[in-house]
Amino acid sequence: MSRATLQAFLTTARNALKAPATQRPKPLTFVVGNESADLDSLCCAIVYAYVRSHTAPHALHIPLSNLPRADLGLRTEMTAVLQHAGLSLSDLLTLSELPDLTPEDTRWLLVDHNCLTGPLKKFKDQVIGCVDHHVDEGSLPHDISPRVIEPCGSCMSLVVDECKPTWTQLQNDTDISPSERESLAKLALAPILLDTINLTAKSKVRPKDPQAVDFLQSQIHETGFSTETYYEQITAVKEDISSLSFRDIFRKDYKQWEENGLTLGISCVVQGFEYLLDKAETKELFLRELEAWADERKLDVAAVMTTSHPGGKFHRQLLVWGMNDRGKEAVGRFRDVGRPLDLERWEDEDGGLDAEGGNTRFAWRQGDLAASRKQVAPLLRQALSGNAKM
């Protein structure tokens with residue numbers, strides 16, 4: 001089957017997974033993003049797999065969404081972006097479609113993370129390449145290719161930079177129509193605009209971000225297309241969580257780590273504590289919902305990071321909750337480790353979300369607005385490890 005269109009390519013990838021074990025290509029090559037499966041991870045997997053699959057002598061690369069099928073519907077912003085590419089969530093492949101494979105029959109390219117975790121951890125020795133903008137966890141060999149791990153506003157910007165020579169060659173591929181090139185460019189453009197707040201987040205933007213946007217815009221010839229309008233459309237969809245349950249809010253953009261025998265989970269939420277408490281109606285109900293989520297995930301430390309724009313001004317908030325004695329000790333250490341985040345106690349007219357006494361639970365306003373989960377998670381993991389030195 002032709003792989004020229006994005007939809008045909010994804011169908012080919014699906015058929016490769018559905019084929020009987022004796023008829024599957026060996027090894028299967030996957031491109032996968034991180035467990036939070038946010039817009040950047042999902043789009044990077046598709047775009048990078050598509051470009052590499054169309055570049056001789058590379059074989060089919062299968063883009064895998066790193067979450068179960070049941071969780072994909074929570075990514076409403078992905079639905080909006082896929083529509084611009086003539087796709088839907090049903091076109092994507094998830095962990096639910098992954099057959100039982102032996103590690104030796106696979107190869108893996110990582111995007112938007114540099115360490116396989118969770119259900120895919122058993123494949124960690126089969127990683128052959130990585131493009132990521134997080135802190136290097138040192139788990140990957142130095143001789144894999146590519147091995148691009150560097151700060152950038154969006155991982156997609158690094159993918160575009162890595163693929164630019166071969167992407168340019170695709171412009172001469174007569175099997176790929178101009179409209180299909182535009183669809184690919186829009187798919188790549190969305191996470192860059194979202195992650196960099198349309199290139200206005202000065203603390204996050206790196207040179208490769210505007211370079212990628214310029215390159216992608218050159219591929220789009222749709223009359224009246226505006227990056228500003230595109231960004232606003234995606235943002236409006238992403239920030240509307242009114243119809244979600246608290247469990248869905250906590251798992252919509254969630255990542256989990258194991259450190260020193262402790263489990264840390266961080267949920268990123270696109271509304272502030274004020275919104276969440278108003279939705280819950282009572283502080284006690286909100287805390288019960290979060291405690292239930294922590295219990296479901298068997299967390300020692302549960303954290304919630306929020307972003308919001310009250311009055312048009314960007315805000316970050318952070319809640320950290322030790323769920324047991326060792327978790328409380330880690331939270332106590334985080335009060336020292338987290339000083340660079342410029343944390344100030346968060347309060348409302350009813351007081352705040354801190355627990356009375358001890359190191360059980362704290363809620364803060366985060367003064368360092370540049371520090372997203374990429375920066376906060378390593379500090380929390382450091383506190384879990386028992387090392388409170390900076």
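Five residue pairs are in polar contact across the interface of domain 1 and domain 2, with both partners at pLDDT 80 or more. The model is predicted. On the domain 1 side, the elements that give two or more residues to this surface are α3 (69–72) and α4 (76–84). The residues of that side divide into 3 nonpolar, 6 polar and 7 charged.

Salt bridges also cross the interface of domain 1 and domain 2: the rule finds 3. Elsewhere in the list of contacts, the side chains of Lys252 and Glu77 meet in a salt bridge, with 2.9 Å from N to O.

The domain assignment gives domain 1 as residues 6–238 and domain 2 as residues 246–385. Their centres, taken over C-alpha atoms, are 29 Å apart. Domain 1 brings 16 residues to the contact, and domain 2 brings 14. Together the two domains bury about 1,400 Å² between them. Of that area, 50% is on carbon and sulfur atoms. In domain 1, the residues that lose the most area to domain 2 are Ser36, Leu74 and Lys238. These three together account for 33% of what the domain 1 side buries.

Aromatic pairs come next. The count by the rule is 12.

The backbone has some points to check. Most residues other than glycine have a negative phi, and most peptide bonds are trans.

| Cis peptide bond | Omega |
|---|---|
| Lys26 to Pro27 | about -5 degrees |
| Ser145 to Pro146 | about 0 degrees |

Both prolines sit in loops. Pro27 is in the loop between α1 (6–18) and β1 (28–32). Pro146 is in the loop between β4 (127–132) and β5 (147–149).

Leu199 is a phi case. Its phi is near 65 degrees, a positive value in a residue other than glycine. Leu199 lies in the loop between α6 (178–195) and α7 (208–217).

How values were computed
Residues numbered from 1 in each chain as written. Predicted model: local features only at pLDDT ≥ 70, side-chain atom pairs only at ≥ 80, totals over all residues. Heavy atoms only, no water. Domains from an automatic or database assignment. Contact = heavy atoms within 4.5 Å. Buried area = accessible area lost by both parts, 1.4 Å probe. Salt bridge = Lys/Arg side-chain N within 4 Å of Asp/Glu carboxyl O. Polar contact = N/O pair within 3.5 Å; in protein donor to acceptor, adjacent residues only side chain to side chain. Helix = DSSP H or I, 4+ residues; strand = E, 2+ residues; numbered from the N terminus. Nonpolar A, V, L, I, M, F, W, Y, C, P; charged D, E, K, R; others polar. Phe/Tyr/Trp six-rings, centres within 6.5 Å; stacked < 30°, edge-to-face > 60°.
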